[in-house]
Amino acid sequence: MIIGIPKEILDREGRVAVIPDTVRQYVQMGFEVAVQAGAGQGALFDDHAYADAGARIVEHPLEVWRASDIVIKVKQPWRNGTAGYHEAEVIREGGILIAFLHPAAPMNHEAIATLARRRVTSFSMDLIPRISRAQRMDALTSMSTITGYKVVVLAANRFPKLIPMTGTTIGTVKAAKVLIVGAGVVGLQAIATAKRLGATVTAVDVREEARKTAASLGAKVAGIEAPAEVALTPDGRTRALPETWLAQERALLDELVQDADIVILSALVPGEVAPILLTKAAVDKMKPGSVIVDVAIDQGGNCDATNSGGETTRNGVLILGQWNIPGSMPVHATWLYAHNVLYFIQNLYAKDPSTIDLEDEIIRETLVTHDGKVMHQGTLKALGQA
């Protein structure tokens, strides 16, 4: 079987799905590995390193897409504007695709439908279940760790004031106030980074355990606390809140953002569209010069004023909706992701090197399309077909 690695084409994406070390392991497993020329350049891996590890270097991306039994990507299939095709349209019919598909996000619905129509068996790495034996495959946690750091650096870079409290001969500059919405992996790393920069940090999360962890990192904790049965699924993952609870959280944020200098929005529901928590009306009450970074934009965004994939200014407030923040730190992000997906493929063929075990919990939870159908419930819900 051939594993194909195309070069990523999403804007500002420097990651690649394999590194030379993981290529060697795929070859040892019995796979042939085809890597598009230049695929690893953004992560500082040249073609010679892949060739030395046993990969075949392929010049044209279509050869990778059409000839491979399994295509491994980092991000979802995207339209190649230069070549004039969508990647979902050129994958071999009946093939296998593994990537961050974000299948519930509206911008990806057409690609998911195309994969289903072409009878592609696709798996999304953002759907790895949070169970002990899947920890080494948990690419979402890996990328969220990087995102939580980088998002604060991005905000600080665009913030027109100092972050830390700074004493001068003229007087003291007060510390910036950072509000972090969602104390998951992204939020907790953002808290730690903002604290290191000297900011005063407030965190909001409806989950009791997340609030405790945020407090342990030095954040002031604010907001409502939802019962576990409302906020969490039976296996401990974040649940989509009912509208009554969302309304309470929006009302709370409406007050808190008025005092914030930087707002980091990172509230996600695994496999579903991100909830809108910050409204345009709330943004209009913020101080000019404030910065919002909507980390949830890959799944639709937490703010209804965010420009998906870009930035906008509203009443003097800068709103950043940059996609794919981990892609801007490709070296460590690639190293993490390449190992996550290696462990996923090892599990995919754990019982039989020629057959996928669809009864395996990890495989079942990450399956998006198969046998001509959309299988993922979060995507079906977003499509109104659940």
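Predicted model: local features only at pLDDT ≥ 70, side-chain atom pairs only at ≥ 80, totals over all residues.
Close-up 1. Although R12 is not a glycine, its phi is positive, at about 65°.

**Close-up 2. L44, an exposed residue in the loop between β2 and α2.** The loop that holds L44 lies between β2 (32-36) and α2 (47-52), and L44 has a positive phi of about 70° although it is not a glycine. At 68% relative accessibility, L44 counts as exposed, because the cut-off for that class is over 50%.

**Close-up 3. The largest pocket, with a volume of about 690 Å³.** The lining of the largest pocket is made by 35 residues, and those nearest its centre are G184, D205, R207, T238 and L268. At least two lining residues come from each of α6 (139-158), α7 (185-196), α8 (208-216) and α10 (243-256), and α7 gives the most, with four residues. Sorted by class, the lining of the largest pocket holds 19 nonpolar, nine polar and seven charged residues.

**Close-up 4. The second largest pocket, with a volume of about 470 Å³.** This pocket is lined by 20 residues, of which R237, E365, H376, Q377 and G378 are the closest to its centre. The elements that supply two or more residues to the lining of the second largest pocket are α13 (361-366) and α14 (377-382). By class, the lining of the second largest pocket divides into six nonpolar, six polar and eight charged residues.

Notes:
Residues numbered from 1 in each chain as written. Heavy atoms only, no water. Buried < 20%, exposed > 50% of the residue type's maximum accessible area, 1.4 Å probe, protein only. 1 Å grid on protein atoms, 1.4 Å probe; cavity = no way out; pocket = protein on both sides within 12 Å on 5 of 7 lines; lining within 4 Å. Points joined across faces, edges and corners; volume = space filled by probe spheres on them. Nonpolar A, V, L, I, M, F, W, Y, C, P; charged D, E, K, R; others polar.
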